[in-house]
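Open the model in your viewer and keep the selection tool at hand. We will take a few stops, and at each one you will hear what to select and what is there.

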Amino acid sequence: MTDSCTATDFPYLHGFSPTEQARLMKQARLAESTIFRNIDYAGATRLLEVGSGVGAQTEILLRRFPDLHVTCVDLNTAQVAAARQNLGSRPWLDGRYALHEADATDLPFEPRSFDAAFLCWVLEHVPAPARALSEVRRVLQPGSVVYVTEVMNASFLLDPYSPNTWRYWMAFNDFQIDSGGDPFVGAKLGNLLLAGGFHDVTTEVKTFHFDNREPARRKTMIAFWEELLLSAADQLVAAGKVTPEVVEGVRAEMRQVQNDPNAVFFFSFVQARAVVY
């Protein structure tokens, strides 16, 4: 899904344009009810958000949990600047967040600095997710809870069958793997958290599944998914992963499916919860 980038030694699929930054804000709103269902930071006051990107999830965290102060970390200068603008336009959030340009695998904080952590759509981009989680654990005090939400891109299904979209999706995932990321990291969260010394690890599969029961939401999600896919088109064409003809095929297919009276959209991701002892 992508909300941020935390490494500079590999290309980021979606770029950092204002259009892409606006897409991230839209993505957070569309996914909010699904991502935040069952997230509970009761009792926490000092939360670390790793891979905070443009501050889209930060705003949701501060709105849903009024006792939190959120310390945001992202490596990309443009994303941090966008977060400063987005959060700064909401004066009721003043004093409740801090923005840091820093590496997820080398956090600039003392041990036990925080009592909660939140990571969303970030480990898919990190070449060393185990190291990032180890750093998160280092800066959390005992009893802290962490929620990690990540993609499982093998789950994507669009009906009617759309061959150009399928080719493009495979190239999308191949590019991320070749770049040092992992588009299937969601399924591995349990192992990563256990290996990182976290305890009470649980995982929940969360799903966007839209068919004739919710035609308006289905149409909105398919239109958004077209934006998400095509935000990577220039990178994929430049890398020789897809042709311009495939990109145009994706545009045509996504619009056909969006208007199909019996279309189906399905995508699952994984959310893990763990505790530091």
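Begin with H5 and H9, where H5 passes H9 in a left-handed crossing; left-handed here means that the near helix is turned anticlockwise from the far one by less than a right angle, whereas clockwise would be right-handed. The helix and strand labels are DSSP runs numbered from the N terminus, with helices (H or I) of at least four residues and strands (E) of at least two. Before going further, note that this is a predicted model, in which local features need pLDDT of at least 70 and side-chain atom pairs count only at pLDDT 80 or more, while totals for chains, interfaces and linings use all residues. Residues are numbered from 1 along each chain as its sequence is written, and side-chain values use heavy atoms, with hydrogens and water left out.

**Stop 1: H5 against H9**

Colour both helices and look along them: H5 and H9 pack at an angle of about 125°, with axes 7 Å apart. Axes are lines fitted to C-alpha atoms, for helices over the stretch in contact, and angles run from 0 to 180 degrees between N-to-C directions. That angle makes H5 oblique to H9, on a scale where under 35 degrees is roughly parallel, over 145 roughly antiparallel, 65 to 115 roughly perpendicular and the rest oblique. Now show side chains for Pro163, Asn164, Thr165 and Tyr168 of H5, which make the contact with Val246, Val247, Gly249, Val250, Glu253 and Met254 of H9; contact means heavy atoms within 4.5 Å. The residues of this contact comprise six nonpolar, three polar and one charged. In this count, Ala, Val, Leu, Ile, Met, Phe, Trp, Tyr, Cys and Pro are nonpolar, Asp, Glu, Lys and Arg are charged, and the others, Gly among them, are polar.

**Stop 2: bring in H7**

Select residues 215-230 for H7 and 163-178 for H5: the two pack at about 50°, with their axes 11 Å apart. H5 and H7 are therefore oblique to each other, and their crossing is left-handed. Thr165, Tyr168, Trp169 and Phe172 of H5 make the contact with Trp225, Leu228, Leu229 and Leu230 of H7. Seven of the residues in the contact of H5 with H7 are nonpolar, one is polar and none is charged.

**Stop 3: H7 against H9**

How do H7 and H9 (residues 244-258) pack? Their angle is about 170°, with the axes 9 Å apart, which makes H7 roughly antiparallel to H9. On the H7 side, pick Lys219, Ile222, Ala223, Trp225, Glu226, Leu229 and Leu230; they meet Val247, Val250, Arg251, Met254, Arg255, Val257 and Gln258 in H9. The residues of the contact of H7 with H9 include nine nonpolar, one polar and four charged.

**Stop 4: two backbone details**

Zoom in on Asp159 and Pro160, whose peptide bond is cis, with omega near 10°. Pro160 sits in the loop between strand E6 (157-159) and H5. Next, centre on Asn38, in the loop between helix H1 (18-35) and strand E1 (46-50). Asn38 has phi near 80°, a positive value in a residue other than glycine.

**Last stop: zoom out**

With everything displayed, you have nine helices and eight strands. The C-alpha atoms fill a box of roughly 50 × 40 × 40 Å, taken along the principal axes.
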